[in-house]
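I opened a new page for this structure and looked up a few things in turn. My notes follow the picture.

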Amino acid sequence: MKQLSSKHYLSETARSIKPSGIRKFFDLANEMEGVVSLGVGEPDFVTSWNICEAAYASMESGYTSYSANAGLLELRQEISAYLQKQFQLEYKAEKEIIVTTGASQAIDIAFRALVDPGDEVLIAEPGFVAYAPIVQLAGGTPAPVPTTAENHFKLTAEQLESHINEKTKMILLCFPNNPTGATLKREELEKLSTVIRRHDLLVLSDEIYAELSYDQSHCSIASLPEMAERTVVISGFSKAFAMTGWRLGYLAGPEPLLQAMLKIHQYTMMCAPTIAQHGALEALRNGREDVDKMVASYRRRRNYFVKASNRIGLPCHMPGGAFYAFPSIRETGLTSEQFAEQLLKEEKVAVVPGSVFGAGGEGYVRCSYAASMEALQTAIERIGRFVEKRL
Amino acid sequence: MNEKELEILEILEGNARTPLATIADMMEMEKQEVEKIVKSLEERDIILNYQAVINWDHVPSNDGVTAMIDVKVAPKREIGFDGVAERIYRFPEVKAVYLMSGAYDLSVQIEGKTMKEVAFFVSKKLSTLDSVLSTTTHFLLKKYKHDGVIFEPEQKDKRAVVSP
Ligand SMILES: Cc1ncc(COP(=O)(O)O)c(C=O)c1O
């Protein structure tokens, strides 16, 4: 096939976006046999059977058409009740909640509705790989705020304040964090919120890992005084309910902002998958016990992996949430990309280099402990052997 | 029974070979403390045994048979069902005995080398006990799940090796 000049045809925006650093490892690792994978950003549980059953039942009953643009009202009501019960957040099902195709789409329509060219969005880094590119796609400018291991990768009010300028419009928060597992306590969020209010910023709070908080219950910044009006909360079913493939998330926030997002959602997506929405209803109604079991299991694996990681010479702070450990690999003298690549080739363990998560990620690797205990033990053995040769 | 004890039981039920040091790491405890709890669970007859779940169908040259037998009994004066059950569970070919509600009283699981051996056990040993009124023997054809473990399916991780 004759190739057209891509430079000529591709949009400026498409050309300016860098491919995800994870992609490179994806191709490399997925072709190899016998890899023990800590490179996965999703639960190792399959979706609970009752949720799958509910989805089958919805198909059998003929619920195979579009839902309302904002999602099934019934589901939005359940989400509203859930947010109230779990996190003391008050959102009305009718106008303040939109069901999306994953938290991913929620992030996309939120930025598209909120940023103009020239607007800067502060992003605490290391952070989820999609944030900065989505801001760019929406025409905004991502402005990284590096967090550090000394602070357990928590964002501090001082760090935040020092990055605010007249172009700063909003800040994206993600706690518990991917990839560091950092969480923020209520007092820490309060300090941030003082700065946020003083500078009149908006907050996009990605709380997809909220349920996976191990040492204390999750506090949402939207639950703090005078914060609900300037915060859009993003969450979804992927992580806590082990439903990554269902593509189901949601937005909750002040009506005027949400109604603008709904316009974008309506024209670009119509609605989230109806069948998945029926599964989600069951998840919210009868899924609590399974969530608690999965959380207990992640907690145990976290404790084991972090301890073992420290023991084999990769210093690692105890992450408070999500299912990632973020050990330092500095002592090996390798960059995080070299470390991940050599480890994969020599010992067949897949981890993700910290550098792909942005500023402050170099010198670390992300290890997902959403893997069986057997896999974790094997991984530790192999990483230990790998590290020993280099220390 | 406290939470720690329950959690240790859960871990060991999942994998009885989990090293004590690993359990200690998983639970943010000292190894000695875990050891003490496990010992106490054993002494209190809560942990009775550490077994492997084996799929004998995958063991070449093994063609033993398992039968589940519904047994109706006349409970004996003084010793009731317990005494009858004891007389049954003492036989080495008996793998399990449960007292049931419903259509019959005892559910007895037998393992034998051949169908004939099982039939022989039922007709010669079980039916002849004076409190046994009737038996119905069901041969087990295939184990799909046993003790919470699924036997056949490929239990492979279906996730991509690396994902966002
Ligand atoms: C922080 C964070 N936000 C959002 C997502 C995307 O979630 P979803 O599957 O709901 O699109 C992920 C997935 O890895 C994530 O780590």
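This is a predicted model: local features need pLDDT of at least 70, side-chain atom pairs count only at pLDDT 80 or more; totals for chains, interfaces and linings use all residues.

One I looked up joins the side chains of A:Glu346 and A:Lys389, at 3.6 Å from N to O. A:Glu346 sits in helix 13 (residues 336–347) of chain A and A:Lys389 in the segment after helix 14 of chain A, so this pair ties together parts 43 residues apart in sequence. My helices (H or I, at least four residues) and strands (E, at least two) are DSSP runs, numbered from the N terminus.

Residues are numbered from 1 along each chain as its sequence is written, chains are lettered from A and ligands numbered from 1 in the order in which they are written, and side-chain values use heavy atoms, with hydrogens and water left out.

**Domains of chain A**

Next I looked at how chain A is divided: domain 1 is 6–47 + 289–388 and domain 2 is 49–286, with bounds from an automatic or database domain assignment. Their centres, taken over C-alpha atoms, are 24 Å apart. I find 36 residues of domain 1 in contact with 38 residues of domain 2, contact meaning heavy atoms within 4.5 Å. About 3,000 Å² is buried between the two domains, and carbon and sulfur atoms give 61% of that; buried area is the accessible area (1.4 Å probe) that two parts lose on being put together, summed over both.

How many salt bridges are there between the two domains? The count is one. I also noted that A:Arg302 and A:Asp215 form a salt bridge, with the closest N and O atoms 3.0 Å apart. On the side of domain 1 that touches domain 2, helix 12 of chain A gives the most, with seven residues. That side has 20 nonpolar, eleven polar and five charged residues. For these classes, Ala, Val, Leu, Ile, Met, Phe, Trp, Tyr, Cys and Pro are nonpolar, Asp, Glu, Lys and Arg are charged, and the others, Gly among them, are polar.

**Chain A against chain B**

Then I turned to the two chains. The contact takes 31 residues from chain A and 16 from chain B, and the chains bury about 1,900 Å² between them, 52% of it on carbon and sulfur atoms. I count four salt bridges between chain A and chain B. B:Glu10 forms a salt bridge with A:Arg300, the closest N and O atoms being 3.3 Å apart. Which helix of chain A gives the most to the side that touches chain B? I have helix 12 down for this, with seven residues. That side of chain A divides into 15 nonpolar, seven polar and nine charged residues.

**The ligand**

Last, I checked the ligand, which lies between chains A and B. It has 14 residues around it, the closest being A:Ala103, A:Ser104, A:Asp206, A:Ser238 and A:Lys239; the cut-off is a heavy atom within 4 Å. An oxygen atom of the ligand is 2.6 Å from a polar backbone atom of A:Ala103. A polar side-chain atom of A:Arg247 lies 2.7 Å from a ligand oxygen atom.

Key. A polar contact is a pair of N or O atoms within 3.5 Å; within protein, one must be able to donate a hydrogen and the other to accept it, and residues adjacent in sequence count only if both atoms are side-chain atoms.
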